[in-house]
Amino acid sequence: MSVRRVVPDITSDALEESRAFYGLLGLQEVMNQGWVMTLASPGNPTAQLTLMTEDRTAPVAPDLSIEVEDVDAVYASVLAAGGEIVRPLRDEEWGVRRFFVKDPNGRIVNVLGHAAAGDTA
């Protein structure tokens with residue numbers, strides 16, 4: 001299983017102020033859906049930070065996101081190991097397939113994969 005990136009997720013009621021603050025550290029907005037915003041380093045686009053007011057399609061906001069090459073295989077492995085699934089695997093309208101699992105520290109991990117070009121997921 002290949003990990004593509006790991007992104008901290010910060011719940012915030014101050015998205016604009018946070019974007020300005022992290023801009024001072026060199027991060028730039030690369031995605032904004034109003035309730036969730038991703039900032040990235042222009043020189044290293046996998047160095048990212050996500051800010052969100054809430055997760056509008058899940059019961060809780062995650063603490064971090066891990067993008068993997070094959071989210072279905074990871075989901076099967078987590079289930080087989082008895083992982084505590086907080087939100088089952090599903091496709092999102094913005095082109096990701098994801099699930100939430102609780103880690104041993106109680107942190108919520110958003111495990112996701114992006115749909116390949118041409119996929120309808």
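Helices (H or I, at least four residues) and strands (E, at least two) are DSSP runs, numbered from the N terminus. This is a predicted model, in which local features need pLDDT of at least 70 and side-chain atom pairs count only at pLDDT 80 or more, while totals for chains, interfaces and linings use all residues. Residues are numbered from 1 along each chain as its sequence is written, and side-chain values use heavy atoms, with hydrogens and water left out. A search of the whole structure finds 13 salt bridges (a side-chain nitrogen of Lys or Arg within 4 Å of a carboxyl oxygen of Asp or Glu).

- Glu 67 belongs to strand β5, which covers residues 64–68.
- Glu 67 has a relative accessible area of 8% and is therefore buried; buried means under 20% relative accessible area, exposed over 50%, and partly exposed in between (1.4 Å probe, protein chains only).
- Arg 5 and Glu 67 form a salt bridge through their side chains, at 2.5 Å from N to O.
- Arg 5 lies in strand β1 (residues 3–11) and Glu 67 in strand β5, so this pair ties together parts that are 62 residues apart in sequence.
- Arg 5 is buried, as is Glu 67.
- The side chain of Glu 67 also makes a polar contact of 3.0 Å with that of His 114; a polar contact is a pair of N or O atoms within 3.5 Å, where within protein one must be able to donate a hydrogen and the other to accept it, and residues adjacent in sequence count only if both atoms are side-chain atoms.
- Beyond its neighbours within four places in sequence, Glu 67 is in contact (heavy atoms within 4.5 Å) with residues including Ser 2, Val 3 and Leu 112.

**Other salt bridges**

- Asp 63 and Arg 107 form a salt bridge, with their closest N and O atoms 3.8 Å apart.
- Asp 63 is in the loop between β4 (44–52) and β5, and Arg 107 in the loop between β7 (96–102) and β8 (108–114), so the pair ties together parts 44 residues apart in sequence.
- Asp 63 is partly exposed at 27% relative accessible area, and Arg 107 is partly exposed at 47%.
- Glu 92 forms a salt bridge with Arg 98, the closest N and O atoms being 3.0 Å apart.
- Glu 92 is buried, with a relative accessible area of 4%, and Arg 98 counts as buried at 4%.

**Helix α1**

- Phe 21 is found in helix α1, residues 15–24.
- Phe 21 is partly exposed, at 46% relative accessible area.
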